[in-house]
Amino acid sequence: MQVLRPISSEDFAALKTIAVESGHGFTSLPVDDELLKNKIQRSQESFAKVLSAPMDEGYLFVLEDSQTGDILGTTAIEAAVGMQVPLYHYHQGKTVHHSSTLNVYNTVDILSICNDYTGSSEICTLFLREQFRRGLAGRFLSRVRFLFMAEHNQRFSDKVIAEMRGVSDENGHSPFWQWLEEHFFSIEFPQADHLVGLGDKVFISELMPKYPIYANLLSPEAQAVIGHVHEKTKPALKLLQKEGFEHRGYIDLFDAGPTIEARLKNIRTVRETQIGTLVIAEQVPHTEETWALSNGQLTEFRATFTPEAVWDEATKTFTVNHETAQALNLSAGDKISGFVL
């Protein structure tokens with residue numbers, strides 16, 4: 001079975017492999033041993049904390065094949081972004097140039113730098129290794145985060161955001177960044193991208209233009225990618241839109257990819273999650289529905305997905321087989337939650 005669990009120190013080698021495979025534009029997993037080890041340690045400390053409100057925590061999970069022990073992918077949640085290191089975005093707005101004397105009325109798109117998402121929770125670091133991209137694993141990695149957040153909602157903000165990867169070419173070059181580089185910076189996109197991944201964001205406040213940028217002054221190539229996602233990111237965007245996420249005009253500083261948002265309580269997965277009691281049976285028939293199931297715990301959090309699960313609305317019970325119960329570290333009568341994947 002494929003089981004999601006909190007990352008451990010023993011997963012370092014697998015996490016580094018994922019960081020290498022993720023390539024350009026995946027700033028949350030830089031190929032740097034020390035930073036990756038720090039991410040694992042920070043996640044372990046976050047899971048261990050006793051909290052009543054979101055702070056600067058990061059929860060990192062890995063998807064493991066319970067038979068082979070292979071790590072198939074990873075996914076993560078930041079509890080409250082921008083609290084320690086500022087989180088910058090451009091916000092798309094408009095300004096009007098009007099002259100009644102000349103009978104001229106022009107509306108111009110502008111980009112204003114801001115920190116509006118400070119304190120929001122962020123879903124991030126979702127990566128499924130290419131050889132395992134089949135079936136429902138990718139959808140599970142995306143949606144199961146909302147289940148964890150709902151089960152431990154005191155640890156997260158009511159506003160949840162997702163920064164979507166913007167348009168770049170096969171060499172990692174962004175048309176939007178190329179314009180900024182020409183006028184304000186002297187470093188190429190992959191280097192700036194790498195610095196952000198390392199947590200070095202000082203150069204943003206030092207070199208980014210402080211005043212709104214008139215979008216029509218950008219190159220045609222840069223204007224064309226504002227608010228658009230990388231081709232490989234389109235399925236992830238579509239999935240989150242089905243969850244209720246919307247784009248409200250915020251874009252990434254470097255590749256102009258959209259940042260989308262939703263209220264935690266309004267997210268589809270949260271609304272559709274069922275909570276009940278576990279029943280274990282020797283055999284459970286395959287159903288047309290595949291359920292994502294969770295044990296609802298924190299440091300020992302486990303989640304998996306299976307078509308061999310039956311929800312009984314009348315008795316508020318989930319019936320699963322012994323293998324699924326074992327994967328979730330649950331016994332008969334324990335609390336269990338899930339949603340249709």
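Close-up 1. Phe156 is buried, with a relative accessible area of 5%, where buried stands for under 20% relative accessible area, exposed for over 50% and partly exposed for values in between (1.4 Å probe, protein chains only). The structure is a predicted model, in which local features need pLDDT of at least 70 and side-chain atom pairs count only at pLDDT 80 or more, whereas totals for chains, interfaces and linings use all residues. Residues are numbered from 1 along each chain as its sequence is written, and side-chain values use heavy atoms, with hydrogens and water left out. The structure holds 16 aromatic pairs, a pair being counted if the ring centres of Phe, Tyr or Trp (its six-membered ring) lie within 6.5 Å, and being called stacked for planes under 30 degrees apart, edge-to-face for over 60 and tilted for the rest. One of these pairs joins Tyr59 and Phe156 in a tilted arrangement, with 5.4 Å from centre to centre and 55 degrees between the planes. This pair links distant parts of the chain, since Tyr59 belongs to strand β2 and Phe156 to the loop between α3 and β7 (159-163), 97 residues apart; helices (H or I, at least four residues) and strands (E, at least two) are DSSP runs, numbered from the N terminus. Tyr59, at 1% relative accessibility, also counts as buried.

**Close-up 2. The ring pair of Tyr117 and Tyr250.** Tyr117 is buried at a relative accessible area of 2%, and Tyr250 is buried at 12%. The centres of the two rings, those of Tyr117 and Tyr250, are 4.6 Å apart and their planes stand at 55 degrees, so the pair is tilted. Distant parts of the chain are linked here: Tyr117 lies in the loop between β5 and β6 (121-128) and Tyr250 in strand β9 (residues 246-251), 133 residues apart.

**Close-up 3. The salt bridge of Arg143 and Glu272.** Arg143 forms a salt bridge with Glu272, their closest N and O atoms being 4.0 Å apart, where the term requires a side-chain nitrogen of Lys or Arg within 4 Å of a carboxyl oxygen of Asp or Glu. Arg143 lies in helix α3 (residues 137-151) and Glu272 in helix α9 (residues 268-272), so the pair ties together parts that are 129 residues apart in sequence. Arg143 is buried, with a relative accessible area of 1%, whereas Glu272 is partly exposed at 35%. A network of salt bridges links Arg143 and Glu272 with Glu243 and Arg268.

Close-up 4. By the same rule, the count comes to 17 salt bridges. In one of them the side chains of Asp56 and Arg42 meet at 3.3 Å, N to O. Asp56 lies in the loop between α2 (33-48) and β2 (58-65) and Arg42 in helix α2, so the pair ties together parts that are 14 residues apart in sequence. Asp56 is partly exposed, with a relative accessible area of 30%, and Arg42 is partly exposed at 27%. The side chains of Asp109 and Lys94 also meet in a salt bridge, with 2.6 Å from N to O. This pair links strand β5 (residues 104-114), which holds Asp109, to strand β4 (residues 89-99), which holds Lys94, 15 residues apart.
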